[in-house]
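Hi,

Here is the structure I promised to pass on. Have a look at it first, and then read my notes below.

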Amino acid sequence: MKTTELTCIVCPIGCTLTAEQNENGEIVSVTGNTCPRGKTYAENELLHPVRTLTTTVAVKGTTKPLPVKTDTPIPKDKLFDAMQIVNSLCVEAPVRIGDVLYTDLFGANLIATANT
Ligand code: SF4
């Protein structure tokens with residue numbers, strides 16, 4: 001049996017969760033959650049962790065980078081590969097907030113979070 005402590009980040013309360021996994025990696029219990037969302041969070045975090053990628057991309061003709069993020073979380077184990085793709089990009093101005101700069105970045109779109 002493996003025990004993992006997590007802090008639920010679904011809401012500002014930040015409950016401390018304790019999850020137990022059996023020898024097959026299956027979650028057999030989650031405790032410490034004040035609501036059902038904490039159990040779902042622990043299950044996702046342990047079995048299929050995802051993160052929203054927030055970074056910047058280069059803009060042609062300027063040294064000022066453009067803030068960007070994925071529009072949905074991507075698998076945590078793909079963040080490094082995603083960053084290699086993002087670092088290879090150089091977008092052309094003008095760009096507006098919400099513009100899609102790259103599609104299907106491990107299941108997400110890369111969107112601008114600022115105007116150029
Ligand atoms: S378990 Fe529920 S109440 Fe606790 S931090 Fe997570 S979402 Fe908030």
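Before the notes, one term: two residues are in contact if their C-beta atoms, placed from the backbone, lie within 7 Å. Please also keep in mind that this is a predicted model.

Let me begin with the overall layout. The protein has two helices and 10 strands, and along the sequence they follow the pattern β-β-β-α-β-β-β-β-α-β-β-β. The C-alpha trace spans about 55 × 30 × 20 Å along its principal axes. The radius of gyration is 18 Å, whereas a compact globule of 116 residues would come near 13 Å. The domain assignment gives domain 1 (2-48) and domain 2 (54-112), and the centres of these two domains, taken over C-alpha atoms, are 30 Å apart. Of the 116 residues, 14% count as buried. If you take the contacts between residues at least 6 apart in sequence, 42% of them join residues at least 24 apart.

Next, the core. Which residues make up the largest nonpolar core? There are six: Cys8, Leu17, Ala19, Val30, Tyr41 and Ala42. Strand S2 (16-21) and helix H1 (36-47) each supply at least two residues of this core.

The residues around the ligand are Cys8, Val10, Cys11, Ile13, Gly14, Cys15, Asn33, Thr34, Cys35, Arg37, Gly38 and Tyr41. By type, this shell divides into seven nonpolar, four polar and one charged. Two residues of the core, Cys8 and Tyr41, are also listed around the ligand.

Val28 sits in strand S3 (residues 27-31). Is Val28 buried or exposed? Val28 counts as exposed, because it has 11 C-beta neighbours inside 10 Å and the cut-off for exposed is 12 or fewer. Leaving aside neighbours within four places in sequence, Val28 is in contact with Glu20, Gln21 and Asn22. Val28 and Pro49 are 21 residues apart in sequence, and their C-alpha atoms are 18 Å apart in space.

Now for Phe106, in the loop between strand S9 (100-105) and strand S10 (108-112). With 17 other C-beta atoms within 10 Å, Phe106 is partly exposed. Setting aside neighbours within four places in sequence, Phe106 is in contact with Ile74, Pro75, Lys78 and Ala82. One of these, Ala82, is 24 residues from Phe106 in sequence, and the two are 7.3 Å apart from C-alpha to C-alpha.

Finally, some backbone details to check on your screen. Most residues other than glycine have a negative phi, and most peptide bonds are trans. Phe106 is not a glycine, yet has a positive phi of about 55°. Asp104 also has a positive phi, near 55°. Asp104 is in strand S9 and counts as exposed, because it has 8 C-beta neighbours inside 10 Å. There is a cis peptide bond as well, joining Ala93 and Pro94, with omega about 0°. Pro94 is found in the loop between strand S8 (90-91) and S9.

Best wishes

Methods
Residues numbered from 1 in each chain as written. Predicted model: local features only at pLDDT ≥ 70, side-chain atom pairs only at ≥ 80, totals over all residues. Helix = DSSP H or I, 4+ residues; strand = E, 2+ residues; numbered from the N terminus. Rg over C-alpha atoms; globule rule 2.2 N^0.38 Å. Buried ≥ 20, exposed ≤ 12 C-beta atoms within 10 Å, placed from the backbone. Core = buried A, V, L, I, M, F, W, Y, C linked by C-beta atoms within 7 Å. Near = placed C-beta within 6 Å. Nonpolar A, V, L, I, M, F, W, Y, C, P; charged D, E, K, R; others polar. Domains from an automatic or database assignment.
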